[in-house]
Amino acid sequence: MNDRWSTDHVLSLAPDAPSQKAGSKLAKPEPWSGTGASQEAVWGACKGSGSRPYQTVVALDGPAYRCSCPSRKFPCKHALGLLLLWSADTLTGADVPEWAESWLAGRRRRAERADLAAAPAAGGSGATGDGSGRGEGASPAAAAPRDEAAAAARRRRREARVAAGADELLARLADQLRDGLAEAPSRGYAFWDGVAARMVDAQAPGFASRARDLGALPASGPQWPARLLEEYSLLHLLAIGYQRHDALPEPLAATVRSRVGFTVDNADVLRAGPLIRDHWLVLGSRDSSDDRLTTRRLWLRGTRSGRDALLLSFGRPGTAPELSLPTGLVLDAELAFHPAAPALRAALGARHAAPSAPATPRPQGTSIEAALGSYATALGDDPWLDAWPAVIAEATPVPTDHGWQLVDATGAVPLFTPSPWRLLAASTGRPVTVFGECGHRGFHAVTCWTENGPLIL
Amino acid sequence: MTRTAETWTDLVEDALLGTNRRASPGLLDRAAAATLVRRAGLRPAPAPETPAPAPLEGRPPLPAPAARRLAALLAENSSELLPQWLTTARRRGFAAPPELLPALLDAARQRSDLRADAVAFAGARGHWLAALNPEWRYALRVPVVESAGEADTAEAADDANAVWQEGLFAERVTHLSRLRRRDPAAGLALLRSTWATERAEDRLLFLDTLQEGLGPDDEPFLEAALADRAKNVRATAAELLSALPGSALAARMAERARRAVTFTDDGGLLVAPPESCDADMQRDGIAAASPTGRGDRAFWLGEIVAATPLAFWSEPATAPGTTAKAQVTVAPTPESVLARTVTPAWADEMREGWARAAVRQHNAAWARALLAERREVAHTRAASGGAPSRLLSVLPAVERASWTARFVADHGLAEAFQLLVTCPTPWPDDLSGAVLDSLAGAAGAGSYPWSHSGVLGVAERCLPFTAAPRIDALAAAATSAWAEVLSRLADTLRTRAAMLAELA
């Protein structure tokens, strides 16, 4: 069994590309001494420019990092270099040095305390791991008691603003429709960007991002009127849905609120429960960023429950999101699902062990037709859903004159992935197991499994 | 389904026109419903034709650390390490990891120096992949198998023919050189087949490839090329012929040498270069006017000596103007020829000519004798000394290294760059020891490391890995700029060692 992380995974922990490079440079034995690894952690001392070597230790369950270097990058290049060495199986020591053990022991004590503190509520621990590293020690679960009345007043104020936003949005959509969508290309981005800014003011980020997207659609190539009308109609449906959300059945009302942009804290989700403990296979992860935020999406599948889950983690531009899980490994952990339907987004609760190798070399998959069927079913709960996670058991990527297609015995769907050639090369033109999101635009591939194990696309 | 499609088209038309022009009650509600019906009803499209899968790979997979190394080298496009990595992996017969093929083919597309190794290492699967992507077409023109006897199959021959007929110029040159190395006659035949239609500048470079495997069989073709339209082609043909001591051109040159150089009674050489360059000399590649800074007569003399078979100077029977009294019974060695007194005005030209002849005719004895002279007078004659590095290239590898080691020990590294690159790698102990001693001296003398950047670059590629500890010690004793340069050198050697060990 090989529980070590892949090089790709270690590099994904880096805050930026220069850190990846600097870390790779340290991924050689010479500067290191006293290195070692256990189930819990890896450690070592790295010779720097000064006289005293830097002491670096990484707790694998976070991962959480500690290094005596003065770098403000986090994790620093020493931690990355050490993890790369570990990933290449070159750390052989087993004796934890005193300086590493004292930090690790401190972490264990804090984790126990946090468990105890959280136990009366739901038995979970902190929100999305303790990757915040140096800042850790503050117990995330032990929030100050809040002023319920003030919070309720804030919520009412926001709901009123969002409702006004929904009214305005419906009016704008009706305006545009009166003049006809044929006018849309001549209006450019400015009109919908302006509406989006007003929706931000109305504290409805979900409206804002959908409005902003409308501005780009007239320039999206052939068939744009059809796409624009689709998105008009779904945004209209969302605004109407919000106006009437009090009358909607609960899972759907929660979906509408979440689509409009009301978030529920992971901590609250974990507190509310129920917590589902499973061995969660990490199916894959993908980062996307705009000028304000890097969003990391991590997909998990319960190897016992068969449930799919999506974790989100955010970072400022140029910094890696906190949460990082190794694709292809299994995590013994507790999850709680956010209230929206269909249940997919989840909060990560207590982890019971460091990630380990799965019992089967690749996840069980389905056909492309069945994946589209699952998407259709999910669409019944959430009409705004663009795609649904799916593992295709035996899919072949095919380049065609009209772009890439993913093909299996049931047919073909358009294929999107940052490097389709890599997927094709890895497949050697033969069927492979592919994980991705399947929806009305096609299949967005994230991970594939070949005879050599998982490959991040 | 059809009804929905019609309705949807109507909805889009209404939306484009605008509700001011055509009333369409509940348009967005109906559009939302239709959108969801369409999305929920999506089915896979009929499958397109799937390309045939890649051929199965017979070579063993790369060890995991080597695969990681390759991914990293490709990601940073390492110009230092990637070429050696690819050469080694290819030679050791490993299969390329399929998922790295796109990055590999991209790298070799940008850097033609990687192509031969990258494409061979990519193997049949790389060929399969390249056929699917126009950006990687170049890989299809590099033959999959090179050295093995399989290259002689009919299919490979067809491929090769296609390269010669349709390939880019560089690919054609590569192809011709390879063929020449394997089968000189076939290479000559291939070149002849299209010779008349090649452009002058291409003819010149193609002709150059005949140096590989040059032999008497090439003489008729080269003799004909002496009448080529292009002057450069004529000159190159003449130079090649002069490397064939048995050629008619060599004999004509020996005759000219006989007229220009007289052996005196006291064993000296009396030199009287020709007064003019006649039509026959010009046909044999000697320019009518000196293209160099030297005078015309000196230049003509140099051309004649460089093209005269070296045996001419050592054969007593043919030695020019030998009188009965000065009969020599033992064939003179190159050393004894060099020891003769030469008309002072032409002495440099004679030595230069002999040196060029030694290089062209691959004559190790002469090269050794000339180099022995050069070493003793390296400082005084460095400028006119011609090309010791070219003379060295005639000697066996070990001798090249030991000669250079002595040169570096005597004269330091300032003039050593050209010599070092002719030496075999990794450098033998005597050479690496001499280079490290010199670097230590330079570091101790406080000279700037960047003034040695050329030598340091070669050292990075050529020092044996075992030199790393000694370099560490030098770094520890050096000032900061040198300490950094030397530690980096040691690091590179260790990285290289680790990299090659991974491929074991």
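Buried means under 20% relative accessible area, exposed over 50% and partly exposed in between, with a 1.4 Å probe and protein chains only.

## Basis of the model

This is a predicted model: local features need pLDDT of at least 70, side-chain atom pairs count only at pLDDT 80 or more, and totals for chains, interfaces and linings use all residues. Residues are numbered from 1 along each chain as its sequence is written, chains are lettered from A and ligands numbered from 1 in the order in which they are written, and side-chain values use heavy atoms, with hydrogens and water left out.

## Helices and domains of chain A

Helix α3 (residues 77-87) of chain A is mostly covered, with 10 of its 11 residues buried; helices (H or I, at least four residues) and strands (E, at least two) are DSSP runs, numbered from the N terminus. Among the buried residues of α3(A) are A:His78, A:Trp86 and A:Ser87. Just after α3(A), A:Asp89 has a positive phi of about 60°.

In helix α10 (residues 250-260) of chain A, the buried residues are A:Ala253, A:Ala254, A:Thr255, A:Val256 and A:Val260. They pack against α5 (148-179), α8, α9 (224-243) and α12 (368-381) of chain A, where contact means heavy atoms within 4.5 Å. A:Gly261 follows α10(A) and has a positive phi, near 125°.

Chain A is assigned domain 1 (7-103), domain 2 (153-260), domain 3 (266-351) and domain 4 (368-456), with bounds from an automatic or database domain assignment. The C-alpha centres of domain 1 and domain 2 of chain A are 47 Å apart.

## A:Arg210

A:Arg210 belongs to helix α8 (residues 205-216) of chain A. It counts as buried because its relative accessibility is 16%. Not counting residues up to four places away in sequence, A:Arg210 touches A:Glu231, A:Leu234, A:Leu235, A:Leu238, A:Arg259 and A:Trp384.

## Interface of chains A and B

In the interface, 48 residues of chain B are in contact with 52 residues of chain A. The two chains bury about 4100 Å² between them, 68% of it on carbon and sulfur atoms; buried area is the accessible area (1.4 Å probe) that two parts lose on being put together, summed over both. Six salt bridges are found across the interface, each a side-chain nitrogen of Lys or Arg within 4 Å of a carboxyl oxygen of Asp or Glu. A:Lys28 forms a salt bridge with B:Asp491, the closest N and O atoms being 3.2 Å apart.

On chain B, α1 (2-17), α2 (27-40), α5 (101-110), α6 (115-130) and α27 (480-502) each supply at least two residues of the side that touches chain A. The largest share, 10 residues, comes from α2(B). On the chain A side, A:Ser233 is found in helix α9 and counts as buried at 0% relative accessibility. Leaving aside neighbours within four places in sequence, A:Ser233 is in contact with B:Leu28, B:Ala31, B:Ala32 and B:Thr35.

## Backbone exceptions

Most residues other than glycine have a negative phi, and most peptide bonds are trans. A cis peptide bond, with omega about -10°, joins A:Ala341 and A:Pro342; A:Pro342 lies in the loop between β8 (330-337) and β9 (346-351) of chain A. The peptide bond from B:Thr425 to B:Pro426 is also cis, with omega near -15°.

A:Gln203 has a positive phi near 60° and counts as partly exposed at 29% relative accessibility. B:His362, with a positive phi of about 50°, counts as exposed at 61% relative accessibility.
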